[in-house]
Amino acid sequence: MNVQTETVERLVRDRAHLLAEDVDREVARLVAAAEVLATSESLAAGDFATFYRRAVEVRDRLGTNVVLRDLNSQQIVNSRVPWGTALPVNTGFTADQRAIATRKPQVSGLIMGGVTQAPLLIVVTPVIRDGDVRFLLSLTITQERLQAIVSPDRLPAGWRAGVIDEDGTVIARSHLAEQFVGKRLPTSLWDGMRDPSEGVHRAVNLEGTTAFQAFSRSRSSGWVVATSVPQSLIEEPARGTLLLFAGGGLGLFLIGIGAAVWLGRRLIRPVMRLAEAAKALGVGHPPSADAGGVLEIDAVGKAIRDAAGLIQQREADLATSEARYRAMVQTAADAMVVIDGGGIIQSLNPAAERIFGYRADEAIGRSVRLLMPEPCSSASDADVLTCLFGGDRRGNGVGRDHMGQRKDGSVFPIELAIAEWTSGTQRYFCGIIRDITERKLSEDALRTSKAEADRANVAKSKFLAAASHDLRQPVQAMMLFQSALESKLDGHPASRLLKSLGEAMDGLRMLLDSLLDVSKLDAGLIVPAPVDMPVGPLLERLATEYQPRAAAKGLRLRVLRNGATVRSDPALLERILRNLIENALRYTERGGVLVGCRRQGDHLHIDVIDTGIGIASEKHDEIFEEFFQIGNPERDRNKGLGLGLAVVRRLGRLLGHRIDLRSVPGRGSAFRVELPVVTPQASGSGRPDDVSVLEGHRGLILVIDDEALVRMGLQAMLEGWGYRVLTAGSVEDAVRHVESGEWPTAILADYRLRGGETGLDAISAVCDRLNMPVPATVITGDTAPERLVEVRAGGHALLHKPVAAYELRNAVAEMLSLAD
């Protein structure tokens, strides 16, 4: 290879590098603008109207278009159309997926604009919130911008240049752009440029001419920038000389000087003028057009003047780019601070001056520790970057919470995003800083409000527990007296009034029981005990129980049997199904209710379907809230209390059973309970049969309660069933009975007694005096979780007030069976 060929290759390669750098600057310009927009307060607050106005400013300043999209490619903001215009959904771009995966800006290949239908390219920047990609921000690189970079005016005569995307598609070309842009390179050309970062080779260009071709890959976009010189142009001696000097190479310039010496003294003056021209060019002044001398040297002078014009154009482009960057930085709403690798401040924008209180001339040249509170402000120069990055030196631009320090010494919370770049061997970092004092205050206020709400919820639970206990005492006494009187006045005219009183008492008891269920579930008192259980017996029992109620309303109740075995807590599952069936019967006036099962894979679906009033879709969540009812503004107790579905949802969550609802207003509702299916095993129904009073067995029952009315009511009811009864109002009274020789067969004790004593204390004292255990049941209105734990630890049964007559009768019979 001769010297001329080597020089040509170097010139073509250098020009490709320069053009690739211009492409990098164009992409970096838009990436910087996108990152400023991505961290704007309006976008963080979801104020898209204000963000649109900022996007329009960037559009006008940079000659781009700004589009904000969600992850489904639905446009939210498009700066090219008026705010409020309905926006289309873009087809997902490959660059979108790369931006989401890498969480870094990506550049697309050539695409057609969705609005303008013009060829363009986009820079896609992910907008990250709380560690996740929330939006995609796109800025366009118009094809005109790339055409300007490879314009024929920026190339020597006869040269060609082009930009090719990562797929081998031409996206800009200096000549015949309308013919070649959008076309793919021939395989013979693209194969040699597909993978290497740069190279030089001899090839046939797109115009069919043999040429020297060099290419360089843009670092920011991955595009290939190629330049070529026709071989015929190189082989012409005079034009070859022109070509060599068009590159401005120092070696070729020296060759020109040697040629001038060889030609003789008559050439000294023209050469001296060329030297003066080169010197003027070195200090930035274009040479004079009057070079004079030999024809070839005149050509060299013209080449130098052409080079001067190119340099001036390049300087003008750089000045324009710098002005744009400066305008963006100076007008940015967020503070921007640039430091070098040693942590020395290089620049502050006006926003940084405002939030830190320093003028730029006060901070530039000083350590960034100036803006950092302790312990970072005392860190060594070697540790300042580690302190700034919090141990993460990657500079990946992810926002992190830090603290900043103002000139007056006050400390405030900031959100910091850092970008890193190098210039030669020097590293620089740009920090984009946002004062988040107001946001932190709002977060603190929210946390305080949540704490207050939590305290209020705890206070509510405590109030419900205390109120239900205090209410249960008189209700319990009334229920006991009503039951005792009703049995004694059977057939008497007053028995009808007693029956009505009993119905009213049942309603009050239902309210207290429902409140207790919700309170126990919220307090974590109920602990499920799942077992493998067949659903058939449970469904049969429910069908038998609810058939009369359905018939009384003129409804058909169908329960389809099923032989599946599921994993659940028998009692809690029964409560779920009871509440759903009762709810269906309550809100159905015509038609009927169907309870059926369907197996799907490893799960069994139990559906409760009615032909009732139905539920509007917007109320599907509300109906599971406490005391919410549809179509019952007068709070008719016959329509329930609005607690049944609240209990269903809580029990479903507790058991891990999914509860679904489908409903059509006016046509009915379908509630579904999803249960895991297991291999059938021998198991009981999970619900013990009611225990009856043992015929012929009449025990001595010790009743311990500090409320005289409750003691009298219990005594009346138990004696009505044929039992002998002793009553005591305290531990001392109970022990006195034992010491007098009256040994109880079973004990019924209220939990709370006067003087800080408890029923557990009384039971323990009686058993100690007898020196033997006595079956005991504790009755309480206390809903606290620790009560259940405490009573069970003593090996006693537990009943919650108000206790229904049948519950008390079964409990006494159970204790007496244990005493045998």
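The model is predicted: local features need pLDDT of at least 70, side-chain atom pairs count only at pLDDT 80 or more, and totals for chains, interfaces and linings use all residues. Residues are numbered from 1 along each chain as its sequence is written, and side-chain values use heavy atoms, with hydrogens and water left out.

**Exercise 1.** Determine how the axes of helix α22 and helix α23 cross.

*Solution.* Step 1: locate the helices, which are DSSP runs of H or I with at least four residues, numbered from the N terminus. Helix α22 spans residues 731–739 and helix α23 residues 759–770.

Step 1: take the axes, lines fitted to C-alpha atoms over the stretch in contact, with angles from 0 to 180 degrees between N-to-C directions. These axes come within 9 Å and cross at roughly 20°.

Step 2: classify the angle. Angles under 35 degrees count as roughly parallel, and α22 and α23 are therefore roughly parallel to each other.

Step 3: list the contacts (heavy atoms within 4.5 Å). Residues of α22, including Val-731 and Val-735, meet residues of α23, including Ala-762 and Val-766.

**Exercise 2.** Identify which element gives the most to the lining of the second largest cavity.

*Solution.* Step 1: define the cavity as a set of points on a 1 Å grid over the protein atoms alone where a 1.4 Å probe fits but cannot get out; lining residues have an atom within 4 Å of a point.

Step 1: examine the lining, which includes Gln-476, Leu-714 and Lys-801. Both α21 (708–720) and β26 (746–750) supply at least two residues.

Step 2: conclude that β26 gives the most, with three residues.

Terms used:
Parallel < 35°, antiparallel > 145°, perpendicular 65-115°, else oblique. 1 Å grid on protein atoms, 1.4 Å probe; cavity = no way out; pocket = protein on both sides within 12 Å on 5 of 7 lines; lining within 4 Å.
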